[in-house]
Amino acid sequence: MNQRDLHDICIIAKQAGLILREGYEQHHDIKMKTRQDDLVTEMDKKSENFILDQLNKLYPGDMIITEETGQHTGDADHVWYIDPLDGTMNYAHGIPFFAVSIGYAYKGELTMGVVYDPMRDECFYAEKGKGAWVNGKPIKTSPRTDLTNSLFVTGFSISQMEKTRTNNFPVFEHFMRTTAGVRRTGVAALEICYVACGRLDGMWELKLMAWDVAAGFVIAKEAGVKITALDGVSDAFVPPYNYIIANPELHEKMTKELEPFHIAP
Ligand code: IPD
Ligand code: CA
Ligand code: CA
């Protein structure tokens with residue numbers, strides 16, 4: 001039986017967000033993990049420890065996969081994907097745009113997601129088959145279908161730029177020239193939610209991790225967003241977590257535009 005409760009998860013995400021908010025603009029112990037664009041602060045760990053503690057109390061024995069401490073063994077029918085601070089670069093620079101992201105999969109299928117933005121006190125949440133919400137209001141993705149007037153968002157990581165076939169720059173340039181614009185906020189979980197609630201029209205990104213997208217994908221799907229890998233049909237929730245998201249008609253157009261770039265899967 002699946003007794004995981006979305007309301008409880010919203011409370012945990014909000015409490016973790018409060019920890020981040022209280023630590024915002026304080027002095028941080030910033031460390032580089034793999035490269036100069038891959039940072040961790042003591043607050044990532046504080047938020048993660050809090051979430052781990054709460055989930056272990058509420059649902060002992062579940063498997064938990066987190067950004068900072070990896071896989072915590074447990075029942076593979078119940079898997080949690082945790083990004084305790086999405087947008088660490090923003091946070092470390094005092095930019096007030098970051099989030100807590102908690103996704104959940106039951107028997108391999110993503111069924112619940114919560115993304116909380118503590119600076120705007122906005123909680124995005126969804127459960128499979130029950131719609132998507134922000135602070136109690138139902139959300140729907142944008143109905144815009146023409147590329148020219150669409151506002152997109154994407155992200156980059158240095159590791160991609162080194163490899164031609166995973167280089168996002170040419171695609172970025174193409175969409176910059178042919179759409180209303182392409183944003184890059186550095187917070188994938190929130191960017192996905194912004195597509196879900198219609199603030200942005202579409203998104204594509206290459207090479208993320210499960211914890212970046214798990215919660216957002218549930219929210220986006222429930223808000224009417226089509227989510228696939230870059231070929232327009234394959235599952236996006238598998239490594240390397242490349243994806244295109246938008247309403248179905250715009251999604252099809254984005255897929256066609258991406259085709260000539262032959263980006264590696
Ligand atoms: C990063 C953000 C960013 C994305 C990066 C991620 P982090 O997560 O989601 O938008 O482009 O690839 O690593 O490190 O801030 O949790
Ligand atoms: Ca992240
Ligand atoms: Ca993170």
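**Exercise 1. How much area do domain 1 and domain 2 bury between them, and what share of it is on carbon and sulfur atoms?**

Let's set the ground rules. This is a predicted model, where local features need pLDDT of at least 70, side-chain atom pairs count only at pLDDT 80 or more, and totals for interfaces use all residues. Residues are numbered from 1 along each chain, and side-chain values use heavy atoms, leaving out hydrogens and water.

*Step 1.* Locate the parts: domain 1 spans 6-138 and domain 2 spans 151-261, with bounds from an automatic or database domain assignment.

*Step 2.* Read off the buried area, meaning the accessible area (1.4 Å probe) that two parts lose on being put together, summed over both. The two domains bury about 2,300 Å², with 70% of it on carbon and sulfur atoms.

*Step 3.* See who contributes: Phe97, Leu110 and Phe124 supply 25% of the area that domain 1 buries against domain 2, more than any other three residues.

**Exercise 2. Find the salt bridge between the domains, then describe the domain 1 side.**

*Step 1.* Apply the rule: a side-chain nitrogen of Lys or Arg within 4 Å of a carboxyl oxygen of Asp or Glu. The count between the domains is one.

*Step 2.* Check a pair: Arg199 and Glu122 meet in a salt bridge at 2.6 Å, N to O.

*Step 3.* Now the strands (DSSP runs of E, at least two residues, numbered from the N terminus). β3, β5, β6, β7 and β8 each supply at least two residues of the side of domain 1 that touches domain 2. Of these, β7 (109-117) gives the most, with seven residues.

Terms used. Chains are lettered from A and ligands numbered from 1 in the order in which they are written. Helices (H or I, at least four residues) and strands (E, at least two) are DSSP runs, numbered from the N terminus.
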